[in-house]
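I opened a new page for this structure. My entries follow in the order I looked things up.

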Amino acid sequence: MNKSRKRKQSEPNSKPNKFPIKAIEDPFPTHCRPTPQECLSIRDQLLSLHGFPQEFAKYKDRRQQQNHNGSDGLSPEESVLDGLVSTILSQNTTDVNSQRAFASLKSVFPTWDDVLAAEPKCVEDAIRCGGLAKTKAACIKNILSSLLKKRGKLCLEYLRDLSIDEIKAELSYFKGIGPKTVACVLMFHLQLDDFPVDTHIFQIAKAIGWIPAASDLKKAYLHLNQRIPNELKFDLNCLLFTHGKLCKKCSKKGCHQLIEESQDNSCPLLKYRTNDCNESLVNSGP
Ligand SMILES: [Zn+2]
């Protein structure tokens, strides 16, 4: 059975019009939270509670450098393709393990051409310490081979000249790259204003009523990206992620825990929980 989709041979400079670019729609247009004011206020409170998280400091520096130098400034130390692969390696593992896996991959295979030419098993072995080695190795090799077919070389630097919507369309071309990976590449590796939603952020957003109780991750991503002011997205994302990992009241149990411990004022997010959230708990049955 030939189930392969016909893929047009694309010229290196062709416009990324393979995917229609739709205006982003808010799945909850009448849900008017978060407000810009509460985004700012939560950013400031989390910043004074945790400081800016060290693990994201290098990305913040890069954004500041870019603001000073403009896009024609110093060439970035990390390629977009490096960023994409490191994002894939970071899935379902700790930061330490994913960084180890990336460093190991780079030391065994100094160039992306080397990775593409390597036996899958050898790539798997190189990234084993990051977990899910077989899946991640297949995903990385598939992206590399699709990229070579599409662009003629293993380079994603051209994305730096595109808009957010165009970049999303371009990255959707590759099998195995989901919306969260795209959002992380946009925010961390292209220094653009996007707001990825991981499970920590999703739980918090639900608990404090930023998204309706019935929201799923995809809708949460669309809604929060519409509501959160661009200039706050990066800080707020890093801080909420870190808070979700560190705060016992916000981790795992989300809404339930926030309500049980509502007398406690050690978590600055407690006061933002809403009636929406209470109702969703009371009426959580069918
Ligand atoms: Zn908390």
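Is Leu132 buried, exposed or partly exposed? I counted neighbours in this predicted model. Leu132 has 17 other C-beta atoms within 10 Å, so it is partly exposed. A residue needs 20 or more to be buried, and 12 or fewer to be exposed. I found Leu132 in the loop between α6 (120-127) and α7 (133-151). Its phi is near 45 degrees, a positive value in a residue other than glycine.

I noted the background rule before going on. Most residues other than glycine have a negative phi, and most peptide bonds are trans. I located Asn92 in the loop between α3 (80-89) and α4 (95-108). Asn92 has 12 other C-beta atoms within 10 Å, so it is exposed. Next I checked peptide bonds. The one from Arg33 to Pro34 is cis, with omega near -5 degrees. Pro34 sits in the segment before α1 (36-50).

**Entry: the whole chain**

I counted 14 helices and zero strands in the protein chain. Of its 286 residues, 33% count as buried. Residues 24 or more positions apart account for 67% of them.

**Entry: confidence**

I looked up the pLDDT. Its mean over the protein chain is 84, and 79% of the residues reach 70 or more. Over residues 1-21 the pLDDT is below 50, and this stretch has 14 contacts in the model beyond near neighbours in sequence. Residues 275-286 stay under 50 as well, with 10 contacts beyond four places in sequence. Where pLDDT is low, the predicted coordinates should not be read in detail.

**Entry: helix pairs**

I wanted two things for each pair. Two packed helices are described by the angle between their axes and the distance between the axes.

I started with α8 (residues 164-172) and α9 (residues 179-189). Their axes come within 10 Å and cross at roughly 135 degrees. That angle makes α8 oblique to α9. The crossing is right-handed. From α8, the residues Ile164, Ile167, Lys168 and Leu171 meet Val182, Val185 and Leu186 of α9. I sorted the residues of this contact into six nonpolar, no polar and one charged.

Then I took α10 (199-207) and α12 (residues 230-246). Their axes are 8 Å apart, at an angle of about 90 degrees. The two helices are therefore roughly perpendicular to each other. His200, Ile201, Gln203 and Ile204 of α10 meet Asn237, Leu240, Phe241, Gly244 and Lys245 of α12. Here the contact residues divide into four nonpolar, four polar and one charged.

**Entry: buried residues of α11**

Which residues of α11 (217-227) are buried? I listed Ala220, Tyr221, His223, Leu224 and Arg227. These buried residues pack against α9 and α10.

**Entry: Cys250**

I finished with a cysteine in a loop. Cys250 lies between α12 and α13 (254-260). It has 23 C-beta neighbours inside 10 Å, so Cys250 counts as buried. What does Cys250 touch, leaving aside its neighbours within four places in sequence? I found Gln203, Ile204, Ala207, His243, Gly244, Cys267 and Leu269 in contact with Cys250.

Conventions. Residues numbered from 1 in each chain as written. Predicted model: local features only at pLDDT ≥ 70, side-chain atom pairs only at ≥ 80, totals over all residues. Axes fitted to C-alpha atoms, helices over the stretch in contact; angles between N-to-C directions. Helix = DSSP H or I, 4+ residues; strand = E, 2+ residues; numbered from the N terminus. Parallel < 35°, antiparallel > 145°, perpendicular 65-115°, else oblique. Left-handed = near helix turned anticlockwise from the far one by under 90°. Contact = placed C-beta atoms within 7 Å. Nonpolar A, V, L, I, M, F, W, Y, C, P; charged D, E, K, R; others polar. pLDDT = per-residue confidence, 0-100.
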